Amino acid sequence: MHRLWTAQDIIARGGGELELEEKFGPRGRFLAQAGTRYSQEELKDAFSALANGLASAHATGGDLPLMFERAVLSICGAR
């Protein structure tokens, strides 16, 4: 999550793929694409949904695959 926000900051100030690759290695290209696809608010909501689902599944002995499925559907449905 921190890497995506850092990538968004680099892109916002005019940094390019070369700078992202220097900072993150080969994943820089992926982060550049992901960083421009989602707003910071969308990223915060997505990771919050995953964290809440994971905490709930651990607390209740719930089904982790089901939790991830619900989180993904929630994230994709918001788009």
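Leu64 has its place in helix α5 (residues 64-77).

Biologist: Happy to start there! What kind of model is this?

Modeller: This is a predicted model, where local features need pLDDT of at least 70, side-chain atom pairs count only at pLDDT 80 or more, and totals for chains, interfaces and linings use all residues. Residues are numbered from 1 along each chain as its sequence is written, and side-chain values use heavy atoms, with hydrogens and water left out.

Biologist: How many salt bridges does a search of the whole structure find?

Modeller: Side chains of opposite charge can pair when their charged atoms come close. A salt bridge is a side-chain nitrogen of Lys or Arg within 4 Å of a carboxyl oxygen of Asp or Glu. Here the search finds 2. One joins the side chains of Arg13 and Glu19 at 2.6 Å, N to O; another joins Lys44 and Glu41 at 3.5 Å, N to O.

Biologist: Where do Lys44 and Glu41 lie?

Modeller: Both are in helix α4 (residues 40-60), 3 residues apart, about one turn of the helix. Helices are DSSP runs (H or I, at least four residues), numbered from the N terminus.

Biologist: Is Arg13 buried or exposed?

Modeller: Buried means under 20% relative accessible area, exposed over 50%, and partly exposed in between (1.4 Å probe, protein chains only). Arg13 has 57% relative accessibility, so Arg13 counts as exposed.

Definitions and conventions: Helix = DSSP H or I, 4+ residues; strand = E, 2+ residues; numbered from the N terminus.
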